[in-house]
Amino acid sequence: SPFGVAILSIVPAAGARVVIGVLTLAAAALVGRGFALAKVPGRLWTTGMGLAAGLCNGIAAMPGPAAVAFYMTSPLGRVQVRASLLVFFLATSIAALASASAIGLVGRETVLMSVVALPVMWAGTWCGAQGFHHGDERLHRRVSVLCLAAIAVASIAKGLSEIV
């Protein structure tokens with residue numbers, strides 16, 4: 001995340017958002033077509049994906065697409081994927097908050113918007129948890145791919161709207 005924040009100081013965020021969106025769309029297409037790894041990736045691949053997620057987190061506050069694609073292509077079951085992503089998102093959120101605070105990007109308005117958005121996020125989390133507990137591996141994969149694709153399209157659209 002700190003490296004991503006540093007890159008953000010020299011690279012336009014809109015362009016980075018479009019690139020991240022295109023890469024995310026490609027990942028969603030791969031996962032949607034059933035691409036899966038036969039075994040859990042080793043340290044080198046895992047470190048690379050962690051760095052990619054951190055860079056995306058620092059540049060555009062979007063560590064999720066890389067992490068979701070990484071876990072969805074692993075041979076782990078949906079319970080392990082969900083648990084891993086919960087821990088991942090907690091850790092990256094803390095790292096991003098620390099990095100952004102260190103360079104003065106977190107102010108009163110940011111905190112207020114976060115507090116206002118919190119109940120909506122909790123409601124979404126509750127709805128997602130209900131769906132998770134009533135679903136199966138196939139549904140989990142479909143919903144994950146659809147969410148990745150939606151995030152990608154939204155990222156590309158937002159980036160392009162800022163460029164034009």
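In the predicted model, Glu-162 is partly exposed, with a relative accessible area of 37%. This residue takes part in a network of salt bridges that links Arg-17, Lys-158 and Glu-162. The count of salt bridges comes to 2. In one of them, Arg-17 pairs with Glu-162, and the closest N and O atoms are 2.7 Å apart. This pair links distant parts of the chain, since Arg-17 belongs to helix H2 and Glu-162 to helix H7 (residues 137–163), 145 residues apart. Arg-17 has a relative accessible area of 14% and is therefore buried, as the value falls under 20%. Glu-162 also forms a salt bridge with Lys-158, with 2.9 Å between the closest N and O atoms. Lys-158 and Glu-162 are separated by about one helical turn, because they lie 4 residues apart in helix H7. In an α-helix there are 3.6 residues a turn, so residues three or four places apart point the same way. Lys-158 is partly exposed, at a relative accessible area of 43%.

Gly-159 is also located in helix H7. Its relative accessibility is 0%, and Gly-159 therefore counts as buried. Beyond residues up to four places away in sequence, Gly-159 touches Ala-14, Arg-17 and Val-18. The C-alpha atoms of Gly-159 and Ala-83 are separated by 31 Å, the two residues being 76 residues apart along the chain.

Helix H2 also contains Thr-24. With a relative accessible area of 5%, Thr-24 is buried. When residues up to four places away in sequence are not counted, Thr-24 touches Pro-65, Leu-148 and Ala-152.

Helix H4 (64–72) is largely enclosed by the rest of the structure, because 9 of its 9 residues are buried.

Two or more lining residues are given by each of helix H2 (13–32), helix H3 (43–60) and H4. The largest share of the lining, 7 residues, comes from H2. By residue class, the lining divides into 17 nonpolar, 2 polar and no charged residues.

Thr-73 is placed in the loop between helix H4 (64–72) and helix H5 (78–102). The relative accessible area of Thr-73 is 9%, and the residue is therefore buried. A polar atom of the Thr-73 side chain lies 3.0 Å from the backbone oxygen of Phe-70. Apart from residues up to four places away in sequence, Thr-73 touches Val-31, Phe-35, Ala-36 and Leu-37.

Lys-39 is placed in the loop between H2 and H3. At 65% relative accessibility, Lys-39 counts as exposed, because the value is over 50%. Lys-39 and Leu-76 are 37 residues apart along the chain, and their C-alpha atoms are separated by 8.6 Å.

Thr-125 is found in helix H6 (residues 108–134). Its relative accessibility is 46%, and Thr-125 counts as partly exposed. Thr-125 and Leu-105 are 20 residues apart in sequence, with a C-alpha to C-alpha distance of 26 Å.

Notes
Residues numbered from 1 in each chain as written. Predicted model: local features only at pLDDT ≥ 70, side-chain atom pairs only at ≥ 80, totals over all residues. Heavy atoms only, no water. Buried < 20%, exposed > 50% of the residue type's maximum accessible area, 1.4 Å probe, protein only. Polar contact = N/O pair within 3.5 Å; in protein donor to acceptor, adjacent residues only side chain to side chain. Contact = heavy atoms within 4.5 Å. Nonpolar A, V, L, I, M, F, W, Y, C, P; charged D, E, K, R; others polar. Salt bridge = Lys/Arg side-chain N within 4 Å of Asp/Glu carboxyl O.
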